[in-house]
Amino acid sequence: MIRKTIIKSTLLVAGFALGMQAQAAPSAEMLSYTCAGCHGTNGASTGDAIPSLAGLSSTYLVDAMKAYKADERDPTIMNRIAKGYSDEQFELMGGFFADQEVHKNRDQSFDAAKAAAGKKLHKKYCDKCHTEAGTVGDDDAGQLSGNAKLFLQYSLADFHDGSRSQEKKMKKKMKKMLKRDKDAFDLIVNYYVSGKK
Amino acid sequence: MSKQNRRSFLKTVGLGTAAATAATYAPFAIGGSGKRVVVVGGGMGGAVAAKYIRMMDKSIDVTLIEANKDYFTGFTSNLVISGQRSLDSIKFGYDGLRGHGVNVVIDKVTDIDANAKSVKTASGQSFAYDRCIVAPGIDFRYDKIDGFNEGVANSKITHAWKAGSQTTMLRDQVHSMKKGGTVVISAPPNPFRCPPGPYERTSQIASYLKQHNPTAKILVLDDKEKFSKFGLFTGGWKKHYGYGTDNSMIEWVKGSAGGKIESLDVGGMTVSGDVDDYKGDVINIIPAQKAGHIAHVAGLTNASGWCPIEGKTFESTIHKNIHVVGDAAIQSPLPKSGYAANSEGKVCAAAVVALLNGQSAPDPSYVNTCYSVIAPGDGISVAMVYAYKDGKIVKIKGSGGLTPSKTFNVKLREREEHYGYSWFDNITNDTFG
Ligand SMILES: Cc1cc2nc3c(=O)[nH]c(=O)nc-3n(C[C@H](O)[C@H](O)[C@H](O)COP(=O)(O)OP(=O)(O)OC[C@H]3O[C@@H](n4cnc5c(N)ncnc54)[C@H](O)[C@@H]3O)c2cc1C
């Protein structure tokens, strides 16, 4: 608690210093509103491809933005966007989106039988790090249930072919899961898209 | 929904300047009077400004006056022309805005009196404002092409640069064109609404013809020497439509090579420049443009035909207390696009909220993106992040740019197509939802 307060007041002083140099300092809201045209109002995406940002932890969002900025992920457009901001601005946006309620897009179609099979896989291989079907921001592991279908598919494909790096432990689980069922990605995406717990 | 709406709101309003930061956490009086906003035009810029003012400060009374009860998006309308989408899928209404407490009035604004601070409509109503936001989009300079006018556009030679019945008219003309016929597209001079738009249209019509009328041709007559996403479009045309070969479905004629069009002969279905005449079976003329009519009536335009604004607030530099956002404004280096209008609408909304609460306008941040679909499975984009510096809107160096095109990356192009569709869902929901 005390630690946090100290950090906050340091930031505030830094903010004032910048202000006095008449440097533009857009607020967290101002910065985050610009993302909504693609990610939905307050980061709640309604599309089937662009992921939601609402409810992601600040740590997760900031890490993702830094990775995009450094060309360490293989995205289509986020590298071009992330290069427009400072790390401090990432922090501001991270705080804004962490304050939003997680959004589940329930307008996407899924196969109920596949979703049921996917649920079993999730419980066995993924639930430990992606609790509550991957809807808890504090896991610092993104959003799974209710996220955009194509984004989930693309992410799994990218982890699989190495164009997006993943934790060793997750890689191990992925391997085991695919060994058990070669259609595991399809099943588990259907589960996430169902939005069910 | 925000977990901490109130806190967010206070932060937004308060972070104008370092000095205002002190006021951030101090409560301020929320009074009823002196906080009336009238928004003229419920398109991409106006609707989002109205919604976000209400999201930021519910004590502000917002009236939005829009001429039509249904709005059709310009973006994605090219996919209606190729038959990939229905007109219904690009149609939006105003119930979402009503849900945010915006007083939506379907009526046409006929006058804005900057001195009396009041807006008048065709049905004789009048609305007083403390701040007015004008977002009427564009109008056409028909007079630049001899023989072209609104009557001709409504009956035979489309512009299809405001979506709706124009879109379906062009679609039906293309779909019923004789085998091996020619579609002539005349592309406008800068500045105009949606710089990549004419070339996305060319691509979408080509995509339709390739399937249904493969010996047909598209002749693009351009006022300019080059155009937006030039390499990506011409590269895509090469890949999908034989561009550059004798068998190319698409031919592009630049201004200096005779692409500049000066007159139209409707009966002869011919357009002419100072060098050549071109006959078409379907002719689509995207005329030169200017700010929407009401901006001229209200005296908000300068000699360029567009509205000069201050980039931090989008307040007119001609009339106080009137802000102009979207295509009608001179927003360069931001382009005239739907995403830019969205971004401008929010910056303007935050400024209006702050100013009406006696604070200084907050520091802005802006983004633009534009997705285009060249063919099924082939999406491309351009993006840029902007800041406000030394009194100007500036591009942030190192940010933004085009879809990489050194090699044709199939995975990337497929994803961009789908992300583009998702963008459509989100930006329309952000505006009208
Ligand atoms: C074919 C095409 C493709 C496009 N593709 C893209 C794209 O891919 N990406 C992108 O970002 N942008 C794209 N655009 C551009 C985008 O549509 C515009 O930039 C955007 O709509 C501008 O918003 P605006 O609010 O300025 O104007 P508009 O959205 O046109 O809204 C103006 C509104 O004001 C109303 N109005 C005007 N005068 C009055 C009056 N006197 N009283 C009451 N109401 C009035 C009109 O009825 C209209 O609803 C495209 C446009 C076209 C035509």
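Which strands of chain B form an open sheet with parallel pairing, and in what order? I looked this up first.

**Entry: conventions**

I am working with a predicted model, in which local features need pLDDT of at least 70, side-chain atom pairs count only at pLDDT 80 or more, and totals for chains, interfaces and linings use all residues. Residues are numbered from 1 along each chain as its sequence is written, chains are lettered from A and ligands numbered from 1 in the order in which they are written, and side-chain values use heavy atoms, with hydrogens and water left out.

**Entry: parallel sheet, chain B**

I find 5 strands in the order E5-E2-E1-E9-E19, forming an open sheet with parallel pairing. Strand E5 (103–106) and strand E19 (322–324) of chain B are the edge strands, each pairing on one side only. From one strand to the next the twist averages 20°.

B:Val39 stands opposite B:Ile133 in E9(B).

**Entry: antiparallel sheet, chain B**

I then looked at an open sheet of 3 strands in the order E14-E15-E16 (chain B), with antiparallel pairing. Strand E14 (263–265) and strand E16 (277–279) of chain B each have a single partner strand, so one side of each is left without a neighbour in the sheet. Here the twist averages 20° from one strand to the next. Strand E15 (residues 270–272) of chain B is joined to E16(B) by 3 bridges, and B:Val271 stands opposite B:Tyr278 in E16(B).

**Entry: backbone in chain B loops**

I noted a cis peptide bond between B:Asn190 and B:Pro191, with omega about -10°. B:Pro191 is in the loop between strand E11 (182–187) and helix H8 (197–212) of chain B. The peptide bond from B:Ser332 to B:Pro333 is also cis, with omega near 15°; B:Pro333 is in the loop between E19 and helix H11 (338–356) of chain B.

B:Thr76 is not a glycine, yet has a positive phi of about 75°. I place B:Thr76 in the loop between strand E3 (71–72) and helix H4 (77–81) of chain B. Its relative accessibility is 11%, so B:Thr76 counts as buried (under 20% relative accessible area; exposed is over 50%, partly exposed in between, with a 1.4 Å probe and protein chains only).

B:Lys229, not a glycine either, has a positive phi of about 55°. B:Lys229 is in the loop between strand E12 (217–222) and helix H9 (230–241) of chain B, and is buried at a relative accessible area of 5%.

**Entry: A:Ser45**

I located A:Ser45 in the loop between helix H3 (36–39) and helix H4 (58–69) of chain A. A:Ser45 counts as buried, at 2% relative accessibility. A:Ser45 and A:Asn147 are 102 residues apart in sequence and 8.0 Å apart in space, C-alpha to C-alpha.

Terms used
Two strands pair if DSSP finds at least two bridges between them. Helices (H or I, at least four residues) and strands (E, at least two) are DSSP runs, numbered from the N terminus. Axes are lines fitted to C-alpha atoms, for helices over the stretch in contact, and angles run from 0 to 180 degrees between N-to-C directions.
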